[in-house]
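Subject: The two-chain model for you to look over

Hi there,

Here is the structure I promised to pass on. Could you open it and keep it beside you while you read my notes?

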Amino acid sequence: MEWINAVVQGVLLGGLYALFAAGLSLIFGVMRLVNIAHGDLIVLAAYLGLSTTMMLGVHPFVALLIVMPAMAGIGYVLQRGLLNQTLGDDILPPLLVTFGLSVIIQNALLEAYSADPLKLSGGAIETASLSVGGLAIGVLPLLTFAVAVAAIALLQWVFYATSLGRGFRAVSDNQDIAQLMGLNRAHVFGLAMALALAVTAIAGILLGVRTSFDPSVGGGRLIFGFEAVIIGGLGNLWGTLAGGVILGVAQTIGAKIDPGWQLLAGHVAFLVVLAARPNGLFPRVEH
Amino acid sequence: MPEPLLNIAGLDAHYGDFQALYGIDMTVAEGEVIAIIGANGAGKTTLMRSISGLLTNAAEQVAFKGRPIGNLRADQVAYLGIALVPEGRQLFPSLSVEENLLLGGKVARPGPWSLSKVFELFPILKERRAQPSTSLSGGQQQMVAIGRALMANPELILFDEISLGLAPVIIKSIYEALPGIVGEGMTAMIVEQDISKALAVSSRVYCLQEGRVSLEGTTGTVTRDQITAAYFGVDA
């Protein structure tokens with residue numbers, strides 16, 4: 001029973017990792033940009049959530065109404081003002097610039113909020129649980145997982161059933177020809193980053209309600225996000241969810257064996273998948 | 001003389017340090033069908049890229065309806081009413097046939113062309129509408145590329161090497177569809193290696209040679225010998 005419990009908790013934890021990863025997956029898919037600052041942007045969203053809850057006295061989930069558009073706006077401006085200039089045939093400039101951005105965000109957060117661990121207060125939902133067949137399932141992890149599934153379903157719908165998504169795919173296929181169709185690449189990339197950071201806002205708030213955070217935790221979230229993307233297969237959003245779940249389950253099972261093995265087990269699972277299936281478990285099928 | 005639809009004046013196009021076009025002068029009046037011929041490397045595709053905005057130049061080197069557009073980006077040029085059918089089709093592999101066409105309609109200028117009109121012109125595309133665009137044959141892909149450009153309802157449509165790599169019977173059917181397209185009052189520039197095909201559908205012809213205009217004339221009056229000389233740069 002304890003093992004089943006570990007697996008169930010791992011699956012639910014995987015939802016959070018999938019939310020970390022969805023934004024990464026989206027921007028890599030559209031513009032081949034690997035965003036090293038992604039983890040720090042998640043943490044930035046958590047801090048924005050904290051400031052909003054403190055200033056307005058609202059629940060962190062209500063704060064999303066402000067944090068999501070704020071992060072989307074930051075994403076659009078960041079992309080058009082900075083990251084678009086780094087994109088080209090060379091993959092190194094975006095890596096270096098987003099690495100620098102990561103350092104800047106961390107230090108700015110440190111300056112603004114100090115290094116003390118802080119937490120978003122979610123109230124009763126944090127400790128509420130459902131009893132299902134002898135298992136105690138936390139409401140918050142369950143909600144996180146449901147939000148992850150909904151977010152990925154929504155992204156999938158945007159990508160494959162809207163004209164915005166058509167533009168994303170076209171620009172990803174061939175930037176010049178997409179430009180001929182009246183799509184301004186710079187604007188499309190800005191919209192993609194805005195969408196990615198809107199999802200990141202959700203991830204940041206859920207992270208902040210689940211655990212305490214400080215300005216330095218972004219790097220770890222970035223790694224989890226990367227691992228989920230790679231396990232699932234690049235460019236496949238549902239694969240990213242599966243990747244997050246595999247990572248989450250590996251971590252909780254590792255922790256069950258020995259509490260010190262939690263992170264290691266996740267990384268080992270990632271390496272095993274990478275060695276056996278270098279393209280991930282569900283790579284996007286190229287036509 | 002009325003204002004030309006497209007006026008190219010002293011166009012010098014560069015790829016980095018390499019100069020591909022040298023002082024090209026060209027005018028296209030509304031409703032004309034212009035053939036652009038020339039050997040490989042003469043600068044035909046560069047000319048198409050310069051007009052469509054994929055290659056930016058000094059603003060006044062390309063003017064469309066009297067407005068300088070040489071420095072505009074391709075998406076801005078598209079909204080003004082110029083569409084390019086690119087060399088080698090260049091469909092979006094992630095998009096279905098129908099999505100490729102719909103994307104072409106993003107610019108959505110007012111005009112006669114719509115999805116149903118394109119399907120009327122190329123009925124096979126309607127049957128294949130849900131397929132990935134790259135699963136089609138070369139000729140069908142060319143139909144999608146043409147349809148995609150038409151969906152924007154451009155005033156000027158540029159065809160770059162539309163017969164390249166296609167079977168003769170397919171080329172024939174695509175050229176048979178051309179009058180139906182330009183008959184809608186659209187102005188067209190056709191880049192073509194097959195000179196007789198190009199001359200058959202056009203009213204005027206420009207020949208490029210090593211980045212310069214080597215011959216210009218109405219298709220009725222230029223002779224084979226003149227074309228040969230302009231094409232190869234040798235006296236026939």
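Below is what I found, beginning with the overall picture and then going through each chain.

This is a predicted model, in which local features need pLDDT of at least 70 and side-chain atom pairs count only at pLDDT 80 or more, while totals for chains, interfaces and linings use all residues. Residues are numbered from 1 along each chain as its sequence is written, and chains are lettered from A and ligands numbered from 1 in the order in which they are written.

On confidence, the predictor gives an ipTM of 0.90 and a pTM of 0.91 for the complex.

Where the chains meet

The contact draws 15 residues from chain A and 23 residues from chain B; two residues are in contact if their C-beta atoms, placed from the backbone, lie within 7 Å. On the side of chain A that touches chain B, the elements giving two or more residues are α6 (163–173) and α7 (175–180) of chain A. Helices and strands here are DSSP runs numbered from the N terminus, with helices being H or I of at least four residues and strands E of at least two. The largest share of that side, five residues, comes from α6(A). By type, the residues on this side of chain A are five nonpolar, six polar and four charged. In this count Ala, Val, Leu, Ile, Met, Phe, Trp, Tyr, Cys and Pro are nonpolar, Asp, Glu, Lys and Arg are charged, and the others, Gly among them, are polar.

Chain A

α2(A) is mostly covered, with 15 of its 19 residues buried. A residue is buried if 20 or more other C-beta atoms lie within 10 Å of its own, exposed if 12 or fewer, and partly exposed in between, with C-beta atoms placed from the backbone. After α2(A) comes A:Gly57, with a positive phi near 65°.

A:Ser114 also has a positive phi, about 70°, although it is not a glycine. A:Ser114 sits in the loop between α4 (92–113) and β1 (129–132) of chain A, and it counts as exposed because it has 11 C-beta neighbours inside 10 Å.

Further along, β1(A) and β2(A) make a hairpin with two residues between them, and A:Gly133 in the turn has a positive phi of about 50°. Four bridges join β1(A) to β2 (residues 135–138) of chain A, and the two run antiparallel; strands pair if DSSP finds at least two bridges between them. A:Leu130 has A:Ile137 in β2(A) as its bridge partner.

Chain B

Six strands of chain B form an open sheet with mixed pairing, in the order β6-β7-β8-β3-β9-β10. β6 and β10 (212–218) of chain B stand at the edges with a single partner strand each, so one side of each has no neighbour in the sheet.

Which strand does β7(B) join through five bridges? That strand is β8(B), which runs parallel to β7(B), and B:Leu156 stands opposite B:Thr187 in β8(B). β6(B) and β7(B) also pair in the parallel sense, over four bridges, with B:Ile82 opposite B:Leu156. Five of the five residues of β7(B) are buried, so this strand is largely enclosed by the rest of the structure. B:Leu156, B:Leu158 and B:Asp160 are on one side of β7(B), and B:Ile157 and B:Phe159 are on the other.

Elsewhere in the sheet, β3 (residues 33–38) and β9 (residues 204–209) of chain B run parallel and are joined by five bridges. B:Ile36 stands opposite B:Tyr206 in β9(B).

Two residues of chain B are also worth a look. B:Gln90 has a positive phi near 55° without being a glycine, and lies in the loop between β6 (82–85) and α3 (97–104) of chain B. B:Tyr175 lies in helix α7 (residues 168–182) of chain B. Leaving aside neighbours within four places in sequence, B:Tyr175 is in contact with B:Lys197 and B:Val201.
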